[in-house]
Amino acid sequence: VKPFEWIFGRGSRFVFNGTLARRLDQHLVQTRSFVFAKTRPLLALWIFKLTGQAQASVGIGKEGWLFHEWTLQDKGAEGEAATRKGIHHFLRICNLLKRSNIEVLMVIVPNKIRIYPEQLYPSGQLPASRKAAYSRFISDLQSQGVRCLDLESVFRNAKDNGDLPDLLYFTGDHHWTDTGCMLACEAIEGGAQIVVEATIER
């Protein structure tokens, strides 16, 4: 993402990039301003496009939540074919690595909409046609001997327990917050440790 530079008085430069945009949004949320609450969807969309993160249409959810259009699409048979092709290529890579005694832990990152469907869909649930896509993808890989980390379950369990200090994703784009990043890192560390221990035992 190319930074967007604003020129303030006397030639001073202010670099406005994606990280700063998310920090600004987070700060404004904390101010609990009535005016901001009403205008946030437009502001969030403006920031989203300003930082170069909106190359396609954006789905606007509740209270200014934004979702990439590609995460909302149900491509049906075409999507299934693309998934199968991706699995085929990934398995080839895994087999090549295993020949060199390199172990692989596959971490599939869930889209924001899978963790926070209630912020877009009136029912609060993903469409039935999309619910099983993530777990099916993991099952297909595991059936071929690939170790996978179910990060969606990790995120959903942490969210449902209600003991998180912050959201897992920023409301204005598809990136993890610091909380989401730390949770993912801890889960990956645990998964990697299991792979290492299994390798040592062999």
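**Contacts, nonpolar core and aromatic cluster**

With residues up to four places away in sequence not counted, R130 touches T71, L72, Q73, D74, N111, I113, R114 and Y121, a contact being defined by heavy atoms within 4.5 Å. R130 is found in helix α5 and is buried, with a relative accessible area of 10%; here buried means under 20% relative accessible area, exposed over 50%, and partly exposed in between, for a 1.4 Å probe and protein chains only. Helices (H or I, at least four residues) and strands (E, at least two) are DSSP runs, numbered from the N terminus.

The model is a predicted one, in which local features need pLDDT of at least 70 and side-chain atom pairs count only at pLDDT 80 or more, while totals for chains, interfaces and linings use all residues. Residues are numbered from 1 along each chain as its sequence is written, and side-chain values use heavy atoms, with hydrogens and water left out. The mean pLDDT of the chain, that is, the predictor's confidence in each residue on a scale from 0 to 100, is 75, and 68% of the residues reach 70 or more. Confidence is highest in α7, at a mean of 94, and lowest in strand β1 (residues 4-7), at a mean of 36. Over residues 1-17 pLDDT stays under 50, and for this stretch the model has 28 contacts beyond four places in sequence.

The largest nonpolar core holds 29 residues, of which M106, L141, V146 and F155 touch the most other members. Two or more residues of this core come from each of α3 (76-99), α4 (112-115), α6 (133-142), β6 (147-149), α7 (151-161) and α8 (178-201). A nonpolar core is taken as a set of buried Ala, Val, Leu, Ile, Met, Phe, Trp, Tyr and Cys residues joined through side-chain atoms within 4.5 Å. With neighbours within four places in sequence left aside, L141 is in contact with I87, F90, L91, M106, I108, V146 and C148. I87, placed in helix α3, is buried, at a relative accessible area of 7%. Beyond four places in sequence, I87 touches F137, D140 and L141, and the C-alpha atom of I87 is separated by 9.8 Å from that of I138, 51 residues apart along the chain.

In α6 the buried residues are Y134, F137, I138, D140 and L141. Viewed down the axis of α6, these buried residues fall within an arc of 160°, so they line one face of the helix; the arc is that of the directions from the helix axis to the C-beta atoms. In α7 the buried residues are L151, E152, F155 and A158, and they fall within an arc of 140° about the axis of α7, so they too line one face of the helix. The exposed residues D160 and N161 are carried by the face of α7 turned away from its buried side. Just after α7, G162 takes a positive phi of about 70°.

The structure holds five aromatic pairs. Rings of Phe, Tyr and Trp (its six-membered ring) pair if their centres lie within 6.5 Å, with planes under 30 degrees apart counted as stacked, over 60 as edge-to-face and the rest as tilted. The pair of W65 and Y116 is tilted, because the ring centres are 4.9 Å apart and the planes stand at 55°. This pair links distant parts of the chain, 51 residues apart, with W65 in the loop between β3 (58-60) and β4 (66-68) and Y116 in the loop between α4 and α5 (128-131); both W65 and Y116 are buried. The rings of Y116 and Y169 have their centres 6.5 Å apart and their planes at 90°, so the pair is edge-to-face. As Y169 lies in the loop between α7 and α8 and Y116 in the loop between α4 and α5, the pair ties together parts that are 53 residues apart in sequence. The relative accessible area is 4% for Y116 and 2% for Y169. Ring pairs link W65, F67, Y116, F155, Y169 and W176 into a cluster.

The charged end of K112 sits over the ring of F67, 4.8 Å from its centre, under the criterion that NZ of Lys or CZ of Arg is within 6 Å of the ring centre and within 35 degrees of the ring normal.

Most residues other than glycine have a negative phi. N101, although not a glycine, has a positive phi of about 60°. N101 is found in the loop between α3 and β5 (105-107) and counts as exposed, at 71% relative accessibility.
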